Amino acid sequence: MEAEKQITDFVNSLKQAAGANLECVALFGSAASGEFHPDFSDINLLCVMRELSATDLAKVAPAVNAWTKKKFPAPLLFPHAELKRAADIFAIELLDIRDRHRILYGEDIFANLHVPMDMHRIQLEHNLRTKLLTLRQTYMQVVGDANRVRRLMLDSVSNFGTLFRHTLIAMGEQPVASKADNIRRLAEHSQFDPGVFLQLLQVRARTAKESEIDPVTGFAKYLAGIEKVVQTVDSL
């Protein structure tokens, strides 16, 4: 309830600052899909403007800065025309937003947004490989510290779950709403053990304890599973 009030306050501040230049504010991500977890999830907002010059940015900056000072991530700001032109480059993000969002203000410009899929697989492989590189780099900094290794997996599993869902899309399959079910389906295809991924989702949902995750064998299976998915996408 407190988060909803803060969202409403921000949208009102943005409307006042931007005036008629503000076309739409949308909530996306886990907060819009029913998989929001207060300990791990962010509140993600996308604001569509008619124009977005330096002057326009300066007008809305106080509202945005007040929002980020409350430890919320900065909202994404797009001019309407640029949003349409960028749909091929941000195919993963805009496909997710189109399919799962909640309009907080203005017209729903996402419902009929055309997302070209010709670049989807390339972006998917790029994102998977980039996050895999980051995962390895970060693991070397926390290896031996059980709590930090568990936190590394808990903080990243949602993003990998999203990319796993898009792997199913790239394979020509229709994913479901549940991250766990999509992981099971992909694990069967790519032949990896989904156990640690499902366990991490349970911890995020507060139906399992973080201390039950083995930081050594758990991370080994986590890393191996992601590598298997990268190989699957690379072979498409």
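## Basis

In this predicted model, local features need pLDDT of at least 70 and side-chain atom pairs count only at pLDDT 80 or more, while totals for chains, interfaces and linings use all residues. Residues are numbered from 1 along each chain as its sequence is written, and side-chain values use heavy atoms, leaving out hydrogens and water.

## Helix H3

Helix H3 spans residues 54-68; helices (H or I, at least four residues) and strands (E, at least two) are DSSP runs numbered from the N terminus. H3 has 15 residues and reaches 19 Å from its first C-alpha to its last, close to the expected 21 Å (1.5 Å times one less than the number of residues). At Ala61, shortly before Pro62, H3 has a kink of about 45°, taken as the angle between axes fitted to the seven residues ending there and the seven starting there.

Asp56, Val60, Ala63, Val64 and Trp67 of H3 are buried, meaning under 20% relative accessible area with a 1.4 Å probe, protein chains only. Their cover includes helix H1 (2-18) and strands E2 (44-49) and E3 (76-79).

## Cysteines

With a disulfide defined as a pair of cysteine sulfur atoms within 2.5 Å, the count is zero. Cys24 is in no disulfide, and the nearest cysteine sulfur, that of Cys47, is 8.4 Å away. Cys24 is buried, at 0% relative accessibility. Cys47 is likewise buried at 0%.

## Helices H5 and H6

H5 (residues 91-99) and H6 (residues 120-142) pack at about 105°, with axes 9 Å apart; axes are lines fitted to C-alpha atoms over the stretch in contact, and angles run from 0 to 180 degrees between N-to-C directions. H5 is therefore roughly perpendicular to H6 (65 to 115 degrees). The contact (heavy atoms within 4.5 Å) involves Ala91, Ile92, Glu93 and Leu95 of H5 and His120, Gln123, Leu124 and Asn127 of H6.

How values were computed: Buried means under 20% relative accessible area, exposed over 50%, partly exposed in between (1.4 Å probe, protein chains only). Angles under 35 degrees count as roughly parallel, over 145 as roughly antiparallel, 65 to 115 as roughly perpendicular and the rest as oblique.
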